[in-house]
Amino acid sequence: MSLAIAATIARRELRGGLNGFRVFLACLTLGIAAIAAVGSVRESIQQGMDREGVVLLGGDAEIELTYRFADDSEQRWMAENAIAVSEIVDFRSMAVVDRDGNIETGLTQIKAVDNAYPLVGSVELAPDIALGVALTGQAGRPGAVMDKLLADRLGLGVGDVFRLGRQDFVLSAMLIREPDNASGAFTLGPRTLVRKSDLAASGLLQPGTLFDSAYRLKLAPDVKLGELKSAARTAINSGAFRWRDRRDSAPGVAIFVERLGTFLILIGLAGLTVGGVGVSAAVRTYLDKKIQVIATLKTLGADGRTIFLAYLLQIGVLGLLGIALGLILGGLIPWVLAPIIEPNLPLPIEVGLHARPLAEAAIYGVLAAGLFAIWPLSRTASVRASALFRDASLGLSNRPAWRYVVVCIVLLLALIGTAALFSGNLRLTAWVAGGLLAAVAVLMIVTTLVRFGARRLATVSLLR
């Protein structure tokens, strides 16, 4: 019966509109929006990586060797198990420009490719010509394409000549984008693309040269990658190779995205905690204004449980409204930021409404709203009917009953556990939670001191 009465009281109280709850809604909405937006951006990047895994890697699988090329038997095994194979050599060298004895040099990361490159995707050049045409060269010199940053550094334009080792190359185009650039390792210089066969006279690929060779494999759709990887351990001499496939096409980017997402989720949780302090203050202020109403209800026979449920239902309804607004805002932010984020990433992103990050943000919101609202709500039970005849408040001196303290502790532990589960980093979550609890404790102490000082000043003023 008390629940029905409480629902009736809550419905009639809510008819007065959102007066007194704007701060509550703003704090909750912004905290949820931050977490939802970060999670949605992370999910967009992850789905983009999953969708474009083959393009990012440059094939369905890659076998990378260090300081050597695959021998004849290894190349035969690759050809027998793949639809197509592309060989790539990656190393560092100096690009040299000789202008009548005035030498300009620049460090460059050379990618020497074969005619099959790229197996998937396409290389973007300026001017817009095919890579095969660009590498053909002119006037008896092989062609090359170079990152515009390095070309500008060396003062090179399309048609100019530069040297790699002992071989002259003509710059045929500027390299704008490689389809597999997200899968590459850290480079010390801008990229230059040439044909591997054109390096024969350069003297750069000799015994003792530090280079990596990679063999991209285009596989049949029904090939089981795990079994093929196991077979490669037997086929590749000594088993000394690095294997990657479309399931983990850009591990460096994936790790970066995961860590960035974890960091930002915890930062968003910190923002939600700060917002939770505002939620608690807003609920407290609202209830301070309702003391006379609560006292009247008690005079009419309402018990503490009914009054608590009435205001809990109000906070619950408004909390759900704040969470919904936060989810809408957080879901729209990636659409707004996509034109800024996507050009600065080496991979496409799958912008859209993603259920998982929105659900995570909603769970955070429910737990945070409950945690920060229960404490001030519990003090409704301390209001007495005598408050009708004197000035009273829900001051900090009124401690909530132990059952409410236990509920708050359970919600706090649930919030920390949820953050650890979603972020995947228990240690970092524990440190962040400890820091937030310390910050909240400091805020509570400062608030107590301010209220105490204000009461003393008011007393002194009255005595005078």
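Leaving aside neighbours within four places in sequence, which residues is Ile63 in contact with? In this predicted model, the answer takes in Trp77, Met78, Ser213, Ala214, Tyr215, Leu217, Ala232, Ile236, Phe241, Arg242 and Trp243. Ile63 belongs to strand β1 and is buried, with a relative accessible area of 0%. One of these contacts, Arg242, lies 179 residues from Ile63 in sequence, yet the two C-alpha atoms are 5.8 Å apart in space.

The protein chain has 464 residues, of which 45% count as buried, and it holds 13 helices and 10 strands. Among contacts between residues at least 6 apart in sequence, 80% join residues at least 24 apart.

Of its 6 residues, 5 are buried, so β1 is largely enclosed by the rest of the structure. Strand β9 (residues 212-218) pairs with β1 in the antiparallel sense, over 6 bridges; here Ala61 has Leu217 of β9 as its bridge partner. Strand β10 also runs antiparallel to β1, and 4 bridges join the two. Within β10, Arg244 stands opposite Glu62.

Helix α7 (residues 225-235) comes next, and its buried residues are Leu225, Leu228, Ala232 and Ala235. Viewed down the axis of α7, these buried residues fall within an arc of 75°, so they line one face of the helix. Glu227 and Thr234 are exposed, and they sit on the face of α7 turned away from its buried side. The cover over the buried residues of α7 includes β1 (61-66), α4 (72-81) and β10 (242-245). Ala232, one of the buried residues of α7, is also among the contacts of Ile63.

The structure holds 2 aromatic pairs. In the pair formed by Phe162 and Phe169, the ring centres are 6.1 Å apart and the planes meet at 25°, so the pair is stacked; the cut-off for stacking is planes under 30 degrees apart. Both partners are enclosed: Phe162 is buried at a relative accessible area of 1%, and Phe169 is buried at 0%. Elsewhere, a charge meets a ring, with the charged end of Lys196 sitting over the ring of Phe69 at 4.1 Å from its centre.

In soluble globular proteins, nonpolar side chains tend to be buried together. Here the largest nonpolar core has 41 residues, and the members that touch the most others are Phe24, Leu28, Val279, Val283, Tyr311 and Leu377. Several helices each supply at least two residues of this core, namely α1 (2-14), α2 (22-51), α8 (251-289), α9 (291-299), α10 (304-341), α11 (355-377) and α12 (402-423). Helix α11 gives the largest share, with 11 residues.

Note on methods. Residues are numbered from 1 along each chain as its sequence is written. This is a predicted model: local features need pLDDT of at least 70, side-chain atom pairs count only at pLDDT 80 or more; totals for chains, interfaces and linings use all residues. Side-chain values use heavy atoms; hydrogens and water are left out. Buried means under 20% relative accessible area, exposed over 50%, partly exposed in between (1.4 Å probe, protein chains only). The arc is that of the directions from the helix axis to the C-beta atoms. Contact means heavy atoms within 4.5 Å. Two strands pair if DSSP finds at least two bridges between them. Rings of Phe, Tyr and Trp (its six-membered ring) pair if their centres lie within 6.5 Å; planes under 30 degrees apart count as stacked, over 60 as edge-to-face and the rest as tilted. A charge sits over a ring if NZ of Lys or CZ of Arg is within 6 Å of the ring centre and within 35 degrees of the ring normal. A nonpolar core is a set of buried Ala, Val, Leu, Ile, Met, Phe, Trp, Tyr and Cys residues joined through side-chain atoms within 4.5 Å.
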